[in-house]
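Thanks for taking a look at this one with me.

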2 protein chains.
Amino acid sequence: MADDSKPVYLRLREIISASILDGAFRDGDMLPSVRAFAAQQGANPLTVAKAYQSFQDDGLVTVKRGVGMFVADGATRRLRAMEKAHFLENVWPPVAAQMQRIGVSLSDLSNMQDA
Amino acid sequence: MADDSKPVYLRLREIISASILDGAFRDGDMLPSVRAFAAQQGANPLTVAKAYQSFQDDGLVTVKRGVGMFVADGATRRLRAMEKAHFLENVWPPVAAQMQRIGVSLSDLSNMQDA
DNA sequence: CCGGCTGTATTATGTCACTGAAGCAGTCAT
DNA sequence: ATGACTGCTTCAGTGACATAATACAGCCGG
């Protein structure tokens, strides 16, 4: 996440995912066109298309060929559930293990957020 | 961490790092030889060497050419400090951001650990 | 219809990280 | 000196990733 060392198309995917979850794009909204988003992000249109591809594979966006790509109905909710499951199964366990090794507790982190 | 999608040499580095932090190797101990560790992990000796390289770049292991590699003095403490700083600066912020997006709180995670 | 927008497919090219194989070089016990 | 261990250097192969130019296919407002 926000890791510049990762492939561009994955970074783009995360940008879009975060935008949907944050409410910048809601169900039914049209996403930026492949060419427009590519220009905005300084990337290649094909790379953007590859990022969009993963979303339509999951049925999170519907494609109206010749018109644009739209956030599917219920996609926000489903995306949040998918990301949540992925987080709890694949992200959190190793993070928790690392925290134990380096001596960081959950209460340390909650105190951080207060600051 | 424990992510099979990451490069082998980084996975090896994490195995070694965890071993040191967990006390399997203490300051002054000799690490497994490049060839031995490679055979044990089913990796290429050069790949192991690349993992070890990152440790000597940080001064955490001292190299006695022709003899072996040894955990440097105070390396355990320094490694823990380095990993802790890296975690707080680079790992935790995006994780916290993602948690907020998907609706997972710290208390949810602490309840998980109880189970 | 037509021009301009949309996404998609094809092909080619360049770059770079990762991995691997073989051999060189230093240390030490014998 | 020899042999067995150590780490290290050099060369090469593979595949993923990103970019590019070009062309095609569907939609829509004029």
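This is a predicted model: local features need pLDDT of at least 70, side-chain atom pairs count only at pLDDT 80 or more; totals for chains, interfaces and linings use all residues.

1. Let's start with the annotation. UniProt, in an unreviewed entry, puts the feature "domain: HTH gntR-type" at residues 6-74 of chain A. In the model, that span is 51% helix and 12% strand, and its end C-alpha atoms sit 29 Å apart.

2. Now the hairpin in chain A. Strand β1 (residues 61-64) and strand β2 of chain A run antiparallel to each other, paired over 4 bridges. If you want a spot to check by eye, A:K64 is opposite A:G68 in β2(A). There are 3 residues between the two strands, and in this hairpin A:G66 has a positive phi near 90°.

3. Stay with β2 for a moment, which covers residues 68-71 of chain A. Which way do its residues point? A:G68 and A:F70 go one way, while A:M69 and A:V71 go the other. All four residues, on either side of the strand, are buried.

4. On to charges. The whole structure, over all chains, has 7 salt bridges. One of them joins B:E14 to B:K6, with the closest N and O atoms 2.9 Å apart. Are these two buried or partly exposed? B:E14 is partly exposed at 25% relative accessibility, and B:K6 is partly exposed too, at 28%.

5. B:D58 is partly exposed, with a relative accessible area of 33%, whereas B:R13 is buried at 17%, which puts B:R13 under the 20% cut-off.

6. B:R13 has another partner as well: B:E83 forms a salt bridge with B:R13, and here the closest N and O atoms are 3.9 Å apart. Because B:E83 lies in helix α4 (residues 75-102) of chain B and B:R13 in helix α1, this pair links parts that are 70 residues apart in sequence. Both B:E83 and B:R13 are buried. Through shared partners, B:R13, B:D58 and B:E83 end up in one salt-bridge network.

How values were computed. Residues are numbered from 1 along each chain as its sequence is written. Chains are lettered from A and ligands numbered from 1 in the order in which they are written. Side-chain values use heavy atoms; hydrogens and water are left out. Buried means under 20% relative accessible area, exposed over 50%, partly exposed in between (1.4 Å probe, protein chains only). Two strands pair if DSSP finds at least two bridges between them. UniProt positions are given in the numbering used here, feature names are shortened, and annotations may be inferred rather than shown by experiment. A salt bridge is a side-chain nitrogen of Lys or Arg within 4 Å of a carboxyl oxygen of Asp or Glu.
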